[in-house]
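Please look over the structure shown below before reading on. The notes that follow are grouped by topic and can be read alongside it.

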Amino acid sequence: MKRPLYLLLCVAVLAPSTHGYKTIIDVLSEDTRFTTLLTQLQRQKLVPMVNNLTAATLFAPDNQAFEALKGEDVDQETLLYHFVPQGMVSEDFYHGQLLASLYERPNVLGKKKHGQRIKISKEGKQGKGRGKVLVNDAQITTQDIPVNNHTYIQAVDRLLTPPKMLDTILPQFPPLENLMKHAQMQKVLQQETPFTVFLSKADPMQPFNTIESNYILSEYGHKDLQFYLDYLLIEGAPTYIDALKTGKYELKTRNGKILTLEVKDDGTKSVNGIPFVTQDILAANGVVHELDGVPMTADLTFDARKYMYGLNTTKFVDLLDRYSLSSYLDPSPYNYTFLVPENDAIDENDIPNHDKRSWLSYHILNGSWTTDQLNDGMMLDSEYVPGDLGPGVHQKIPIYVDKEDILNTKPTKSIRFDRARMLTDSVNIHDNMIFPVSETLAVPGDLLSRLVVDLDLSTFIATLYVSNLASDFQDQQGITLFVPTNTAFHRLGLVAKYLVHPSGKDALKSVLRYHAVTQLLYYDEMMRDVHEVPTMADETLLRIRPSKDQSSVLVGRPDGGDSEASVVVQDPKEGSNNILMANGVVHKVDQVQLPSPVRISNYDLLVGIGATTMLKVIDKANLTNVLNQSDCVVLAPTDRAFARVDLAALFDDPVQLDRVARFHLLKSTWQDDLSLWQADYETWLSSKDKLIVKQQGSEHGNLVIAVKDRESVTAQVTGLGKVTVGPGGVMEINAVLIPIHRGVFGLPFFWSIVVLIVIVSVTSSILGACGFIGYKIYYRRRLGYRAIGT
């Protein structure tokens, strides 16, 4: 009895696995909700394959899910995407779970066979267990429909769409999409090869400043942009977060650098410290992870070259490359300051090819100079070494600093490098400074080219040609020239005329050489210390020192006082105290310094002004020796003035000739202050033959000479010149002064006659009165008259 019962139980247990075994097709056939799905499986000839599945889970769309297709067939790949090759019930699902479907695309997810992934999401309880389950975007409406012990059907309310290629996900991240298109990298994500991609909706350019962004987006930054974006891509088998355990993972990116992905115990995830927003966004050829920001590789670096590209100063960079100066832009232990003109400011045709290297070097300063370090009047070394300044001596660049306080509530520094104005704030990149400037800098040229454009120095230029010293100055290495202005030469008066006269050529050379110092002296150096330096005039020294009030620089003879020294004057147009040239520096001065070896006499001045007639008069009067007397000031009528005199008669009358010659020689020392000439002066004719020197009109320095006792006779002083061999000098006048003919008592002839007549008249009157009185006395006595008292 027991044996039949045992057999009966065995049959009951084994019955489902033999005669009662069902397939997915069987269950779908029995449920009217899946007739459309069953029809699609039949049309795609998938029924045999489905029947052969020993274990599987089908996410089965109901009939209503197919209505959106409006009768269109579903392709085989989409149908296979609904199958998972293992049986799973609802309690097996958890949030973020990824399942491999039966839909395989060769090599898209790797060389091995990999089914396209399905993503499980849960609402409420995130872990395994009961709860609302979503498969991709489809909700499971009926859970765990059994097929057999290893196969289940999960009814869903919509069709599952297989993941699309990675490039189709990019539009969800507009900033990165635009950047990848700019880098022409969207095609990379279209390749049928697997990638893991880290994307973000944050601005991918946020890690960069404006200059870096401009560079990255320019044609010159294309490779760096790709390098930056490649840091977001990992080639090879996709890295699904669902498959990772707690810990840190180093992922090698497409640019060869490492990303660090961390999964913490509390389930939070991050990449390089940037938290995840959404993990495992599925794609046919990989997976996308959305981050809260864009990872930045430390290996994307910037240098001076890239910053110049970002500033759109590409012409300057191109010239540096073409003329073998690109080493200044390469990483180096040395720092530089670049003065970079805008592209529009550079015209290569204005720069001769043989000068371009020098021109470029002149736009690079030695060292790193910030705005705060720059002060007005500074002279900074450029990288241009012309050779004419001396071995290894760098050409300077003058710095001018003003305050921008007009239409600016917060006054800021306005900086000029020579004439080039700083346009925007300076940029610091690895301690190299970049100053965008308004125009190109002109490399200092030779002496004549630098000074000929300055009209205030035209007299000096003329003296260079007269003396033939231009080449001497231009050939001298490291020279400092103190160049007198036109006003300074004008102050020399008649001395200047002598210096440019052929007879004064040697003296002119000595004077000009005396203004040339054989070492470099810039204004700020002269303001700091006293210098006694040799000049190009033989064995002569100049003493250069700051004024007592520290307001200016004085230049003069070592034995001279401050009043005799020249003052270095500022160029009113440029605001500069230094005029740079190829072989040195020029300073304008307001006085001409005459070295002690230069000896200029009255005779020299008369020769210099062309007073040939006056010289002839003095010579014929044998007064040449008087010219160099210490108390002799010569009044020299011009030859034009002598044209109004009968010279033949004058020369035939030795007495009158002597009188005229002596009458033009004042017994006086020279007065530098013109106001001190307001007096009567004896002449070498006599102490009574005087001349009056006085001011005429309100204009200072307008002197006239008048004849004492005949002040209607005057001559205008047209020129003044002080000698260097004594206290004398020459006054050039526009008329010949004729001495007065004197009679008795040294009075003028007319007054002498008048005085004589008066004397005779008075004497005659006195004698007549005396005779009359005598006669009366005699007559009375003759008649016998006696006085009563007698």
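This is a predicted model: local features need pLDDT of at least 70, side-chain atom pairs count only at pLDDT 80 or more; totals for chains, interfaces and linings use all residues.

- Another stretch of the chain to look at is an open sheet of seven strands in the order β2-β1-β7-β6-β5-β4-β3, and its pairing is mixed.
- The strands at the edges are β2 (83-84) and β3 (98-104), each of which has a single partner strand, so one side of each is left without a neighbour in the sheet.
- In general, the strands of a sheet pair through backbone hydrogen bonds, and they may do so in either a parallel or an antiparallel way.
- A parallel case is the pairing of strand β1, residues 56-61, with β7, which extends over six bridges.
- In that pairing, Leu58 has Ile153 in β7 as its bridge partner.

- Strand β5, residues 132-135, and strand β6, residues 138-148, run antiparallel and are joined by two bridges.
- Opposite Leu134 stands Gln139, which belongs to β6.
- The hairpin of β5 and β6 has two residues between its strands, and in this hairpin Asn136 takes a positive phi near 55 degrees.
- Strand β6 also runs antiparallel to strand β7, residues 151-156, and five bridges join these two strands.
- β6 and β7 form a hairpin as well, with two residues between them, and Asn148 stands opposite Thr151 in β7.

**Helices α7 and α9**

- Helix α7 (residues 174-182) packs with helix α9 (residues 222-230) at an angle of about 135 degrees, and their axes are 10 Å apart.
- The crossing in which α7 passes α9 is left-handed.
- On the α7 side the contact is made by Leu176, Leu179, Met180 and His182, while on the α9 side it is made by His222, Leu225, Tyr228 and Leu229.
- Sorted by class, the residues in the contact of α7 with α9 are six nonpolar and two polar, with no charged residues.
- The buried residues in α9 are Asp224, Leu225, Tyr228, Leu229 and Asp230.
- These buried residues of α9 pack against α7, and also against α8 (210-217), β9 (233-235) and α10 (304-310).

**Helices α11 and α12**

- Helix α11, residues 314-322, and helix α12, residues 353-361, have axes that come within 10 Å and cross at roughly 120 degrees, which makes α11 oblique to α12.
- α11 passes α12 in a left-handed crossing.
- Where the two helices meet, Phe316, Leu319 and Leu320 in α11 face Lys356, Trp359 and Leu360 in α12 by contact.
- The residues in the contact of α11 with α12 comprise five nonpolar, no polar and one charged.

- Asn432 lies in strand β22, which is made of residues 432-437.
- Is Asn432 buried or exposed? Its relative accessibility is 12%, and because residues under 20% count as buried, Asn432 is counted as buried.
- When its neighbours within four places in sequence are left aside, Asn432 is in contact with Tyr334, Asn335, Tyr336, Phe338, Ser368 and Val427.
- Asn432 and Asp167 are 265 residues apart in sequence, and their C-alpha atoms are 41 Å apart in space.

Methods. Residues are numbered from 1 along each chain as its sequence is written. Side-chain values use heavy atoms; hydrogens and water are left out. Two strands pair if DSSP finds at least two bridges between them. Helices (H or I, at least four residues) and strands (E, at least two) are DSSP runs, numbered from the N terminus. Axes are lines fitted to C-alpha atoms, for helices over the stretch in contact, and angles run from 0 to 180 degrees between N-to-C directions. A crossing is left-handed if the near helix is turned anticlockwise from the far one by less than a right angle, and right-handed if clockwise. Contact means heavy atoms within 4.5 Å. Ala, Val, Leu, Ile, Met, Phe, Trp, Tyr, Cys and Pro count as nonpolar, Asp, Glu, Lys and Arg as charged, and the others, Gly among them, as polar. Buried means under 20% relative accessible area, exposed over 50%, partly exposed in between (1.4 Å probe, protein chains only). Angles under 35 degrees count as roughly parallel, over 145 as roughly antiparallel, 65 to 115 as roughly perpendicular and the rest as oblique.
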